Amino acid sequence: MSRPKRFADQRDPDYAAYVRTLPCVLTAAFWRRLGRSSPLGEPHRCAPHGYVEAMHVRSRGAGGPDRGNLLPGCPKAHAEQHAIGIESWAAKWGLDPETTAGWIEDLHDGVPVEDCASPQSAAPVPATDSGQHPERDRA
């Protein structure tokens, strides 16, 4: 006998499957697909695994549903999000996860998305001569 899934009312397997078809949120390819300017100063380098996971902005345990609450991320990005927490992870990469998850839902639903910067991602963090991002790397 199988156990019932926890938080079954918050799950949307079809929507989660759609999010997993998108490129990792930390890549330029994701932002091109979304039709927006990338807020990333330097793109994340995904491991060459070829798959993407659906990352929750707000966990199911905290009441977060799948729809409008998922970001696509490679396993490296997803592990980092869990290791340092969503707020630190978002600050490190200059992302507004709630807004970005909403744009993904709009893309899924066929709603046109205007190209405007989110409040957190108006400008990328400038790189130093070494190519490092001191403000981002402190988080």
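1. Cys24 takes part in none, and the nearest cysteine sulfur to its own, that of Cys46, lies 3.8 Å away. Cys46 is likewise in no disulfide; its nearest cysteine sulfur is that of Cys74, at 3.5 Å. Cys24 has 3% relative accessibility and counts as buried, whereas Cys46, at 31%, is partly exposed. Here buried stands for under 20% relative accessible area, exposed for over 50%, and partly exposed for values in between, with a 1.4 Å probe and protein chains only.

2. Conventions. Residues are numbered from 1 along each chain as its sequence is written, and side-chain values use heavy atoms, with hydrogens and water left out. Since the model is predicted, local features need pLDDT of at least 70 and side-chain atom pairs count only at pLDDT 80 or more, while totals for chains, interfaces and linings use all residues.

3. Overall architecture. The protein chain contains six helices and two strands, in the order α-α-β-β-α-α-α-α from the N terminus. Helices (H or I, at least four residues) and strands (E, at least two) are DSSP runs, numbered from the N terminus. The protein chain has 139 residues, of which 37% count as buried. Its accessible surface is about 8,000 Å², with 52% belonging to carbon and sulfur atoms; the areas come from the Shrake-Rupley method with a 1.4 Å probe, and for residues only the protein chains shown count as cover. Of the contacts (heavy atoms within 4.5 Å) between residues at least 6 apart in sequence, 64% join residues at least 24 apart.

4. Strand S1. His56 belongs to strand S1, residues 53-56. Its side chain forms a polar contact with the side chain of Asp66 at 2.8 Å. A polar contact is a pair of N or O atoms within 3.5 Å; within protein, one must be able to donate a hydrogen and the other to accept it, and residues adjacent in sequence count only if both atoms are side-chain atoms. Neighbours within four places in sequence aside, His56 touches Gly64, Pro65, Asp66, Asn69, Leu70 and Gln81.

5. Helix H4. The buried residues of H4 are Trp89, Ala90, Lys92 and Trp93. Viewed down the axis of H4, they fall within an arc of 160° and so line one face of the helix; the arc is that of the directions from the helix axis to the C-beta atoms. Lys92 lies in this helix, which spans residues 86-93, and is buried at a relative accessible area of 16%. The side chain of Lys92 makes a polar contact with that of Glu80 at 2.3 Å. After H4 comes Gly94, with a positive phi near 70°.

6. Helix H5. H5 comprises 13 residues, 97-109, and reaches 18 Å from its first C-alpha to its last, close to the 18 Å expected at 1.5 Å a residue. The expected span is 1.5 Å times one less than the number of residues. Pro97, Thr100, Ala101, Trp103 and Ile104 are buried in H5. These residues cover an arc of only 155° around the axis, and therefore lie on the same side of H5. The buried residues of H5 pack against helix H1 (13-19), helix H2 (28-34), strand S2 (70-73) and H4. Just after H5, Gly110 adopts a positive phi of about 80°.

Key: Disulfide = S-S within 2.5 Å.
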